[in-house]
Amino acid sequence: MVAIDLGSNTIRMVEFDCEKKIITNRFEKIVKTADNLVNTGVISDEAVERIIKAINEAKEKLVFKDVSAKTTEALRAGKNSKEVLQKIEEQTGVKFEIISPEEEAYYTTIATESFIKQKYHYKTMFLVDIGGGSTELIVKNRKELLTESFQIGIVTVSQKYKSIDALEYGIKQDVKPFADFIKFTKMSYNPDIFVASSGTPTTIAALKIGLNYSTYDGDKVNGVELTVKDLDYWKEELLKMELKQREKLVGVGRGSLIVSGILIFKEIFKMSGFKKCIVCDLGVREGIAFDYCKRKQEK
């Protein structure tokens, strides 16, 4: 089967064998779904064309037999979402479902746990998913999954602020609502492990171990530990570079967004009180695949 996660910046797919429980292929493309959404309130025609092109490109690499396709914040927010998804279905045959922040957090959590449980002993996990249009903060233990979604993402803040100084100041203001959730979870659940999924953490983890966008390996990134010092180092290094040089490291279309992600991540890090964060490459697309196969087996 093929699981598709259409995010606010990237469309990510995974081909998964339900019987063997293994990933057989992957596909990822930056499509900038939320490009200019913060200013217009709609998904642009150009973004729709990029999504359609990416899906048709993926069809040449993956076997589109059983497909489970989900989409998140950009399509939740777009005023023209219904028309957009109808056009995508007409031109690709792929029918997307807009999922809630709670469902998004569930998929991220089951995927992340599949790796974290194998390597670490913990009672309660604090999990962060920094997306293009929203950020999900999640607390998970054996009995409960608590989550809150904030409409703050790397695409939206990057297009909201026009200079690095404005960006740094603006993000500090924008993320203040995170503090209440983090304070409550620390007092009520006392998480003992901090985990981060999504593009910003995985990109910085890759850079830390000597990888870049073209040599990226999710298996090597899984389990890499980051500190605030790592974030500060790579923020400064990336800001020194011209955009083209930066995009060689982090991917075309990500060069102007990665610093926003680092700044959001750093503020969460500081609020959490943790000294280190474990990075996990697995996310929504893998969670969609795991859930699909589980439901199929239960039938």
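**Rings, a helix and a buried serine**

Biologist: Let's start with Tyr106. Buried, exposed or in between?
Modeller: Keep in mind that this is a predicted model. Tyr106 is partly exposed, because its relative accessible area of 30% falls between the 20% and 50% cut-offs.

Biologist: And what about Tyr107?
Modeller: Tyr107 has a relative accessible area of 7%, so that residue is buried.

Biologist: How are the rings of Tyr106 and Tyr107 arranged as a pair?
Modeller: They are tilted, with 5.6 Å centre to centre and 55 degrees between the planes. The structure holds ten aromatic pairs.

Biologist: OK, take Phe126 and Phe194. Why is that pair stacked?
Modeller: Their planes sit at 20 degrees, and under 30 counts as stacked, so that settles the label. The ring centres are 5.2 Å apart.

Biologist: Which residues form the aromatic cluster with them?
Modeller: Phe265, Phe269 and Phe274 form one cluster with Phe126 and Phe194.

Biologist: Switching to helix H4. How many residues, and what's its reach?
Modeller: H4 runs over residues 81-92, which is twelve residues. From the first C-alpha to the last, H4 reaches 16 Å, close to the 16 Å expected at 1.5 Å a residue.

Biologist: Which of its residues are buried?
Modeller: Ser81, Val84, Leu85, Ile88 and Thr92. Looking down the axis of H4, these buried residues fall within an arc of 90 degrees, so they line one face.

Biologist: Why would residues three or four places apart point the same way?
Modeller: Because an α-helix has 3.6 residues a turn.

Biologist: What covers the buried residues of H4?
Modeller: The cover includes helices H2 (45-58) and H3 (73-77), plus strands E4 (67-71) and E5 (96-98). On the face turned away from the buried side, H4 carries the exposed residues Lys82 and Glu90.

Biologist: What follows H4?
Modeller: Gly93, with a positive phi near 85 degrees.

Biologist: Last one: where does Ser134 lie?
Modeller: In the loop between strand E6 (125-130) and strand E7 (135-140). Ser134 counts as buried because its relative accessibility is 2%.

Biologist: What does the Ser134 side chain join up with?
Modeller: The side chain of Glu136, through a polar contact of 3.1 Å. Leaving out residues up to four places away in sequence, Ser134 touches several others, including Glu73, Arg76, Asp129 and Phe150.

Conventions: Residues numbered from 1 in each chain as written. Predicted model: local features only at pLDDT ≥ 70, side-chain atom pairs only at ≥ 80, totals over all residues. Heavy atoms only, no water. Helix = DSSP H or I, 4+ residues; strand = E, 2+ residues; numbered from the N terminus. Expected span 1.5 Å × (residues − 1). Buried < 20%, exposed > 50% of the residue type's maximum accessible area, 1.4 Å probe, protein only. Arc of directions from axis to C-beta. Contact = heavy atoms within 4.5 Å. Polar contact = N/O pair within 3.5 Å; in protein donor to acceptor, adjacent residues only side chain to side chain. Phe/Tyr/Trp six-rings, centres within 6.5 Å; stacked < 30°, edge-to-face > 60°.
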